[in-house]
Amino acid sequence: MFDLDKWQEIFNTISKNKLRTLLTGFSVAWGIFMLVILLGSGYGLENGVKREFEGDAVNYLSISRGVTSKAYKGMKPGRRVEFKNEDKDLLSDFDKLSHTSTRTRVDRISTISYGSEYGTFETFAILPDYKYVEAAEMISGRFLNQIDVEDYRKSVVLGRLVYEALFKNNEPAVEKYVKISGVMFKVVGVFNDPGSDRDLLRAYIPISTAQRVFNMGNSINSILLNFDGVDADESQKIVQEVKQRLSDKHKFDPEDRRAIFIFNSIENYQKFMNLFAGIRLFIWIIGVGTIISGIVGVSNIMMIVVKERTKEIGIRKALGATPFSIVSLVLQESVLITAFAGYIGLVLGVGLLELVSKFLPASAYFANPEINMNVAIIATALLVVSGAIAGYVPARKAASVKPVIALRDE
């Protein structure tokens, strides 16, 4: 039940000690403010890194050819490992394997033209499942399909930035023909990529067509394997098996790190997630520690308040005030100071994060610093609990004062 007299008394006590209350509240507000800023910055760092992962799947292995650096079974070092089409089939029977593809750069830089417009871009020869590695999103048309590969079609899919460079005034690209290194290809689709712009400056053509048109034989540069439900430990076992299989075929030491290069996105992504989990834990420890220092200040102030009002409390108890009424009076004042100051710190922290998010340009590894609603709710609950804890000890002390002793206090 709302007790107006009790709240008037609390506000009267606070108004008589403005500076003391202000300094106490500042310590609590600063603790919450720093917790919000640290958490928001941590999420900004995490968002930035996650954005870098958005352009690619996080469940694939990329195996690229290299040059041997160790002698092995009579073979000298310095041999280039050459991947062929059949090497993909050699790695196509793993458990939980969902998609397989290859990727081969046609030229270091390819000239692509349409009418009078032209530019230099990267052109890759791939298989249809490569779209699951790049997480490509079609803007128009379709991605390459198996018929393109089987029929050696001169089909091409353009990245959005390639399309914008060649086709002016939003001219549709699908069904039009572009020239790649002097060879005409039919545009079947335009894709977007949620990752970096680098991937949007690419064109993809079927591997079978590229091998025939550009005299590449059956050579490929990289093999890509997508998995479902594979964790970091399982991916490491798969990596070892991949090394062993390719070692047996191409005669190189499976421990030779230069013979082939394997990028393990599964393990890489998990390392980043573990790192951010550790960062969040560290931030919470620092933030809560800062809040605790403020709460200790509130508790000390409440102890002083109880000491100053010892005689008053004695009179109250002599007139019949219950211990509960004394405890609730001290607790309410403590919770009020803590919750109000903490709320101010919370609002200022969120406001600063909003300003930073709005005006600070996103960098490669920092974007959209923020705290979510759950964190705000937890912080608010933490304020209320902290205020109660800060006032509990002084409240118990006040409730235990004997009226006779309190009336003798000077």
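Which two side chains meet in a salt bridge at 3.2 Å, N to O? They are those of aspartate 199 and arginine 202. Here a salt bridge is a side-chain nitrogen of Lys or Arg within 4 Å of a carboxyl oxygen of Asp or Glu. Both aspartate 199 and arginine 202 are buried. Buried means under 20% relative accessible area, exposed means over 50%, and partly exposed lies in between (1.4 Å probe, protein chains only). Salt bridges with shared partners join Arg105, Glu122, Asp199 and Arg202 into one network.

The model is predicted: local features need pLDDT of at least 70, side-chain atom pairs count only at pLDDT 80 or more, and totals for chains, interfaces and linings use all residues. Residues are numbered from 1 along each chain as its sequence is written, and side-chain values use heavy atoms, with hydrogens and water left out.

The protein has 13 helices and twelve strands. These are DSSP runs, numbered from the N terminus (helices: H or I, at least four residues; strands: E, at least two). Of the 410 residues, 44% are buried. The accessible surface comes to about 21300 Å². Carbon and sulfur atoms hold 59% of that surface. Areas come from the Shrake-Rupley method with a 1.4 Å probe; for residues, only the protein chains shown count as cover. Among contacts with a separation of 6 or more, 79% are between residues 24 or more positions apart.

Strand β6 covers residues 155-159. All five of its residues are buried, so the strand is largely enclosed by the rest of the structure. Ser155, Val157 and Gly159 point one way from β6, while Val156 and Leu158 point the other way. Strands β6 and β8 run parallel and are joined by five bridges. Two strands pair if DSSP finds at least two bridges between them. In β8, lysine 186 stands opposite serine 155. Strand β9 (residues 202-206) runs antiparallel to β6, with two bridges between them. There, alanine 203 stands opposite leucine 158.

Valine 156 also belongs to the largest nonpolar core, which has 46 residues. Such a core is a set of buried Ala, Val, Leu, Ile, Met, Phe, Trp, Tyr and Cys residues joined through side-chain atoms within 4.5 Å. Ile63, Val156, Val178, Ile205, Leu225 and Phe227 touch the most other members. Beyond its neighbours within four places in sequence, valine 156 contacts residues including Leu144, Phe185, Lys186 and Ala203. Another core, of 13 residues, lies apart from the largest one; Tyr130, Phe143, Tyr204 and Leu224 are among its members.

Side chains of opposite charge can pair when their charged atoms come close. The whole structure holds 15 salt bridges. In one of them, glutamate 175 pairs with lysine 186, with the closest N and O atoms 2.9 Å apart. This pair links distant parts of the chain, eleven residues apart. Glutamate 175 is in the loop between α6 (160-166) and β7 (177-180), and lysine 186 is in β8 (residues 183-192). Lysine 186 is partly exposed, at 27% relative accessible area.

Aspartate 148 and arginine 153 form another salt bridge, with the closest N and O atoms 3.5 Å apart. Aspartate 148 counts as buried because its relative accessibility is 0%. Arginine 153, at 35%, counts as partly exposed. Serine 208, in helix α7 (residues 207-213), touches Asp148, Val149 and Tyr152, not counting residues up to four places away in sequence. Serine 208 is buried, because its relative accessibility is 10%.

Terms used: Contact = heavy atoms within 4.5 Å.
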